[in-house]
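The following paragraphs lead a reader through a structure seen for the first time.

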Amino acid sequence: RFSDRLKLEGHTSTMAFSALVAALCAAATTALVPHQPVGPRPLSVQPAATLETPPPVVAPPVFTEVCSETGITLSRFMIEATVANPHLAELESIFSSIQTAGKTISNLVRRSSLTGLTGYLDSGNINVQGEEQKKLDVITNDVLKNALRFTGRMGVLASEEEDAPVEVEDDATTRYEHDILVEKTAGKYVAVFDPLDGSSNVDAGIPTGTIFGIFEDAGDECTVLADGTLVDECLGATLQPGTRLVAAGYILYSCATFMAFTLGAGTHMFTYDEHIGEFVLTDPEVKIPPRGKIYSTNEANKPEWDAALRKYVEQVSAGEGASGVKYTSRYIGSMVGDVHRTLLYGGVFAYPADKKNTAGKLRLLYEAAPMAFLVEQAGGLATTGRTRIMDIAPTNVHQRVPCVLGSKDDVEEICALYGESDPATDIYQGA
């Protein structure tokens with residue numbers, strides 16, 4: 001009957017309305033939950049090392065429109081990044097100075113054969129590493145140091161290079177603490193850098209690069225005495241583990257000039273466009289492959305390595321590793337160049353300890369830690385073989401550390417081999 005039909009339709013409508021109200025309430029409840037940025041999955045912990053990458057705490061920039069002629073320049077990227085993260089506002093001027101220094105150094109490197117900047121200093125200067133300084137070592141150090149100093153945002157600047165030669169011994173840890181170039185200015189951040197990594201390759205036209213890391217200043221007073229001696233607070237502001245890095249990156253001077261960096265929310269890569277004079281975003285989110293087919297290390301030193309790393313190289317080079325794929329060896333001898341290729345193609349880069357260099361050769365503070373931060377943010381791992389590099393707190397500015405970094409699966413395979421060996425037999429007995 002019509003009346004019964006009306007009652008039935010009314011009951012159905014009431015049920016539909018109730019379901020709609022329930023759905024709207026559920027949607028409203030979901031909307032009230034703060035959005036959590038999606039970060040990389042926690043990495044599995046190997047027996048030989050703690051290798052966990054924390055989730056990002058920085059919101060990535062969002063670009064609703066992109067200019068078809070210029071793309072996204074580094075300048076615009078940093079503006080958007082600081083709008084999304086107001087607490088990083090001062091980094092905008094720091095990165096502006098870094099990119100200016102990078103453009104200048106790129107030009108100096110490219111024209112070095114024409115301008116007489118190849119070769120060593122006539123004075124025969126030796127830096128704190130015991131390495132004879134090349135002309136470009138000193139010039140590029142001044143370029144980057146001055147660019148950062150004049151931002152007004154830096155509290156402490158620390159560089160690999162020295163103003164005067166020093167006599168270096170393998171165990172001269174206490175001497176290193178007062179031989180670093182440290183300058184105190186008024187600012188919030190601490191910058192550590194290697195101005196020209198691989199400078200010995202310049203004369204041969206092989207890729208070189210700049211490595212940098214930015215920490216927050218601990219806020220301690222820093223005094224340089226009349227005789228040039230530094231008080232401990234100056235070094236305390238600089239001696240921070242990689243977990244406290246705010247930003248890190250490198251600039252590669254090669255067939256093109258590339259800049260890759262992280263602010264703690266992914267790794268971003270820019271390419272220098274000489275036509276417009278700007279670094280342009282070419283890979284907004286670099287992701288290192290979980291496993292590669294390349295290992296990058298100086299195999300001439302293999303007889304002097306730990307047994308675990310020797311075993312890994314022997315296995316993958318024969319196609320007997322965990323992947324069953326035969327790996328290829330590629331080694332430039334410039335950390336920036338080798339890490340750049342590893343980021344893009346996957347695999348592993350290693351500069352291990354050996355019987356001659358029992359602590360390795362890479363400096364923890366301004367080489368290994370910044371690169372570890374960058375690689376982890378791209379989804380990779382970085383370790384000594386037993387310890388996550390980012391967790392190591394430096395005890396002196398020039399502290400060296402073994403370094404194995406790259407694709408997650410490859411690095412975990414190496415850590416597993418270390419886990420099967422006795423730590424007491426390791427060459428490196430540090431952290």
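In this predicted model, a search of the whole structure finds six aromatic pairs. Ring pairs join Phe 77, Phe 95, Phe 212, Phe 261 and Phe 270 into a cluster.

How accessible are Phe 261 and Phe 270? Phe 261 has a relative accessible area of 0%, and Phe 270 likewise has a relative accessible area of 0%. Since buried means under 20% relative accessible area, Phe 261 counts as buried, and Phe 270 does too.

E6 is mostly covered, with six of its six residues buried. In a regular strand the side chains alternate between the two faces of the sheet. Along E6, Thr 257, Met 259 and Phe 261 point one way, while Phe 258, Ala 260 and Thr 262 point the other way, and all are buried. E6 runs antiparallel to E5, to which six bridges join it, and Ile 251 stands opposite Met 259 in E6. E5 and E6 form a hairpin with three residues between them. E6 also pairs with strand E7 (residues 267-273) in the antiparallel sense, over five bridges, and Phe 258 stands opposite Thr 271 in E7. This second hairpin, formed by E6 and E7, has four residues between its strands, and Gly 264 in the turn has a positive phi of about 100°.

Attention now turns to the nonpolar cores. The largest has 44 residues, and those with the most contacts inside it are Tyr 250, Met 335, Val 339, Leu 343, Met 371, Ile 389 and Leu 405. Strand E3 (189-197), E4, strand E5 (245-253), E6, helix H9 (335-345), helix H10 (364-377) and E15 each supply at least two residues of this core. H10 gives the most, with ten residues. A second, separate core of 40 residues includes Ala 101, Tyr 189, Met 259 and Phe 270. Returning to the largest core, Ile 389 touches residues including Leu 364, Ala 368, Ala 382, Pro 402 and Cys 403.

Two further residues show how separate stretches of the chain meet. Thr 208 is found in strand E4 (residues 208-216) and is buried, with a relative accessible area of 1%. Beyond the residues up to four places away in sequence, Thr 208 touches residues that include Val 109, Leu 196, Ile 251, Tyr 253, Ser 334 and Val 336. Asn 201 has its place in the loop between E3 and E4. Is Asn 201 buried or exposed? At 12% relative accessibility, Asn 201 counts as buried, because buried means under 20% relative accessible area. Asn 201 and Ser 334 lie 133 residues apart in sequence, and their C-alpha atoms are 7.7 Å apart in space. Apart from its neighbours within four places in sequence, Asn 201 is in contact with Ile 206, Pro 207, Thr 208, Ile 332, Gly 333 and Ser 334.

Five strands make up an open sheet in the order E10-E9-E11-E15-E13, with mixed pairing. Strand E10 (328-329) and strand E13 (381-383) stand at the edges with a single partner strand each, so one side of each is left without a neighbour in the sheet. Within this sheet, strand E11 (residues 348-351) and strand E15 (residues 403-406) pair in the antiparallel sense over four bridges, and Val 348 stands opposite Gly 406 in E15. Helix H11 (residues 408-419) has twelve residues and reaches 16 Å from its first C-alpha to its last, close to the 16 Å expected at 1.5 Å a residue. The buried residues of H11 include Val 411, Ile 414, Cys 415, Leu 417 and Tyr 418. Their cover includes helix H8 (307-317), E11, E13 and E15.

Note on methods:
Residues numbered from 1 in each chain as written. Predicted model: local features only at pLDDT ≥ 70, side-chain atom pairs only at ≥ 80, totals over all residues. Heavy atoms only, no water. Pairing = 2+ DSSP bridges. Expected span 1.5 Å × (residues − 1). Buried < 20%, exposed > 50% of the residue type's maximum accessible area, 1.4 Å probe, protein only. Contact = heavy atoms within 4.5 Å. Phe/Tyr/Trp six-rings, centres within 6.5 Å; stacked < 30°, edge-to-face > 60°. Core = buried A, V, L, I, M, F, W, Y, C linked by side-chain atoms within 4.5 Å.
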